[in-house]
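Please find below a briefing on the structure shown here.

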Amino acid sequence: MSDPTTLKTTPLTEAHRAAGARMVEFAGYDMPVQYEGGVLKEHLWTREHCGLFDVSHMGPAFLRLTAPSGDADADHAAIAALLEPLVCGDLKGLKRGQLRYTLLLNAQGGIVDDLMVGRPLADERQGLLQLVVNAGTKEGDFDRIRAAVGDRAELVRADDRGLIAVQGPEAEAVTAAIFPEVMDLSFMTLGRASFEGTEVEISRSGYTGEDGFEILAMPEVARRLWDRMLSDPRAKPIGLGARDSLRLEAGLPLYGHDLDETVSPIEAALDFAVSKRRLKAEDFPGAARAVGELAGRLTRRRVGLRVEGAPAREGAEITDAADAVIGKVTSGGFSPSLGAPIAMGYVPPALAESGAHLGVIVRGRQQAATVTAMPFVPHRYRRKP
Amino acid sequence: MRFTKEHEWVEGDGDVVEIGISAYAAGQLGDVVFVELPEVGKQVKAGDPLAVVESVKAASDVYAPVSGEVLAVNTDLPDHPETVNAMPEKDGWFVKLKLTDPDQLDTLMDRHAYEVFLATL
């Protein structure tokens, strides 16, 4: 049991304790690592039905123009122009109601954080961006953003609210039973809905590889919504343990493990998150490094590994055919869906091709590992038809 | 059956004993997905790492509660690690050990003492 007296709580902490969750410290918060079913069953439940995750420890925030002009498109262009210098994504090109995964970068082009940035749908909310950053990095991220935008925009934190992720093949049915309007959302879009007379923000996104939603609601609303969703027999609460194994199967990197300030977007195999327009203009931090890496000056690349034998966990060394150490596992474990160990790690680009035969060192012994295309388990997002 | 504070159990009277992990330990670990066992013939001292159990989330060492030579290992476990959760104090045994010093058993807790110990955790 974690010591609750020194830790931050979320609007749902009491609900987790009442449900018999095992609580641990995570990023300064008292969080459920698993409920009574345990990680394996929670993982498989999410792949088959619907999992509810308390992700209120993360960093939702709104970045708002201080003096909007009232011209919706001009105001979006203005707010996007304020945040774009910090990230490698195309924010100006966001359509109304669109959500994008992007990366905060340092001057060397290393990843400071990965985050979601959304453009609201409504006319009267243009000139505003909705952000969700990671829990462990949010203080630094918010400082960085505030320093960059100065008095031209205001950053309003929303991490006192509840943020609930609803994930799995039955997430749509469970969510639409309460919010019919989510049927209009496709993957990586967002909107608003009303719960018992209060507005909530809903995006169709997540961190499991499954279809699903993230719902941001005021604390008291979040508590009632959590209970209401759990009254649906298709939904169960899922802890951080299964959240980690689900995202690993989905090939999604975890900041602080698979990504850090030394790693570039191209090294991390997050090429899709680097805007073509911005690469051409070389107008983001470390753009020259990205251009060089894409032209072949790359020394390491994040890959997926299928491992034989014992799970290879974070820190395990990766070896080549000549038994030389060529890299390290950055996250790894047992895949409940595949019934076998999987891992992510960094290797030289020449060995990053699918099918490359490598090794991993577990407790002093070498085991076979094969480079495998990610995701390990296919994504089931509801993309726009 | 006798227990350690690290939640291993030892069963047997003569100089050959079975060793496993307690029902409490199995519950704390969660679903066991991988078990690594020592080689038959290995000599271990009390407190040495004897085996490894892994859940989805983490790997944990199982320590030798007493010194001795590994006579046999439970060859069903690598293919059926879930047995450790289903029957931790029976079919989920890990190794059979030939004791170096049967008097070491006296240093371990009986079930009552172990349950009193668990209540302090």
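Two strands are taken to pair if DSSP finds at least two bridges between them. On that basis, 6 strands of chain A close into a barrel in the order β14-β17-β16-β15-β18-β19, with antiparallel pairing. The model is predicted: local features need pLDDT of at least 70, side-chain atom pairs count only at pLDDT 80 or more, and totals for chains, interfaces and linings use all residues. Residues are numbered from 1 along each chain as its sequence is written, while chains are lettered from A and ligands numbered from 1 in the order in which they are written.

**Overall build of chain A**

- Chain A holds 9 helices and 19 strands, where helices (H or I, at least four residues) and strands (E, at least two) are DSSP runs numbered from the N terminus.
- The radius of gyration of chain A is 21 Å, which agrees with the value near 21 Å for a compact globule of 385 residues; it is taken over C-alpha atoms, and the globule rule is 2.2 Å times the number of residues to the power 0.38.
- The C-alpha trace of chain A spans about 65 × 50 × 45 Å along its principal axes.
- Of the 385 residues in chain A, 50% are buried (20 or more other C-beta atoms within 10 Å of a residue's own, with C-beta atoms placed from the backbone).

**Domains**

- Chain A is assigned domain 1 (4–58 + 160–249), domain 2 (59–157) and domain 3 (299–372), with bounds from an automatic or database domain assignment.
- The C-alpha centres of domain 2 and domain 3 of chain A are 36 Å apart.

**Barrel and packing**

- Neighbouring strands of the barrel sheet β14-β17-β16-β15-β18-β19 in chain A are turned by 45 degrees against each other on average, direction ignored.
- Strands β18 (residues 357–362) and β19 (residues 365–372) of chain A run antiparallel and are joined by 6 bridges; His357(A) has Thr370(A) as its bridge partner in β19(A).
- Helix α7(A) lies across β16 and β17 (340–347) of chain A, at about 120 degrees to β16(A); axes are lines fitted to C-alpha atoms, for helices over the stretch in contact, and angles run from 0 to 180 degrees between N-to-C directions.

**Contact with chain B**

- In chain A, 13 residues are in contact with 10 residues of chain B (C-beta atoms, placed from the backbone, within 7 Å).
- α2 (39–48), α7 (240–249) and β16 (325–335) of chain A each supply at least two residues of the side that touches chain B, and α2(A) gives the most, with 3 residues.

Methods:
Two residues are in contact if their C-beta atoms, placed from the backbone, lie within 7 Å. A residue is buried if 20 or more other C-beta atoms lie within 10 Å of its own, exposed if 12 or fewer, and partly exposed in between; C-beta atoms are placed from the backbone.
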